Amino acid sequence: MVEAYYNCMKCMNKRVRVITVNGQHYEGVIVNVDRENVYLQMEKEDKGRVNTSGFYPYGYGYGSSILTLSLFTLLAIALI
């Protein structure tokens with residue numbers, strides 16, 4: 001999990017594609033990382049397809065949304 005944390009830190013404020021261990025794909029900008037979670041600001045067109053209890057509205061303006069993903073569930077992160 002330490003490696004996932006540092007990989008996310010390197011990608012802060014960059015657009016990424018995240019793949020989880022259960023095969024879900026997410027695209028957005030990493031806006032924050034802590035020792036347990038990565039916070040991904042989702043694109044407006046992706047908002048409708050997010051179907052997870054990790055969905056967390058965060059104060060980044062009207063209509064923006066943040067997806068909270070556990071670092072434990074990350075399989076891969078790619079810059080796009």
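Helices and strands are here DSSP runs, of at least four residues (H or I) for a helix and at least two (E) for a strand, numbered from the N terminus. In this predicted model, the secondary structure of the protein amounts to one helix and six strands, and the order of these elements, read from the N terminus, is α-β-β-β-β-β-β. Of the 80 residues in the protein, 35% are buried, while the accessible surface comes to about 5,000 Å², with 52% of that area belonging to carbon and sulfur atoms. When contacts between residues at least 6 apart in sequence are considered, 52% of them join residues at least 24 apart.

The largest nonpolar core holds 16 residues, and the members that touch the most other members are Cys8, Ile30, Val38, Leu40, Leu69, Leu71 and Leu74. Two or more residues of this core are given by each of the elements α1 (2–10), β1 (15–20), β2 (25–33), β3 (37–42) and β5 (66–70). For Leu71, when residues up to four places away in sequence are set aside, the contacts comprise Met1, Ala4, Tyr5 and Cys8, together with Asp34, Arg35, Glu36, Asn37 and Val38. Two of these partners, Cys8 and Val38, are themselves listed with Leu71 among the core members that touch the most others.

Helix α1 also contains Glu3, which counts as exposed because its relative accessibility is 62%, above the 50% that marks the exposed class. Although Glu3 and Leu71 lie 68 residues apart along the chain, their C-alpha atoms are separated by 9.4 Å.

Most residues other than glycine have a negative phi. With regard to solvent, Asn13 is classed as exposed because its relative accessibility reaches 60%, where the class begins over 50%.

Methods. Residues are numbered from 1 along each chain as its sequence is written. This is a predicted model: local features need pLDDT of at least 70, side-chain atom pairs count only at pLDDT 80 or more; totals for chains, interfaces and linings use all residues. Side-chain values use heavy atoms; hydrogens and water are left out. A nonpolar core is a set of buried Ala, Val, Leu, Ile, Met, Phe, Trp, Tyr and Cys residues joined through side-chain atoms within 4.5 Å. Buried means under 20% relative accessible area, exposed over 50%, partly exposed in between (1.4 Å probe, protein chains only). Contact means heavy atoms within 4.5 Å. Accessible areas come from the Shrake-Rupley method with a 1.4 Å probe; for residues, only the protein chains shown count as cover.
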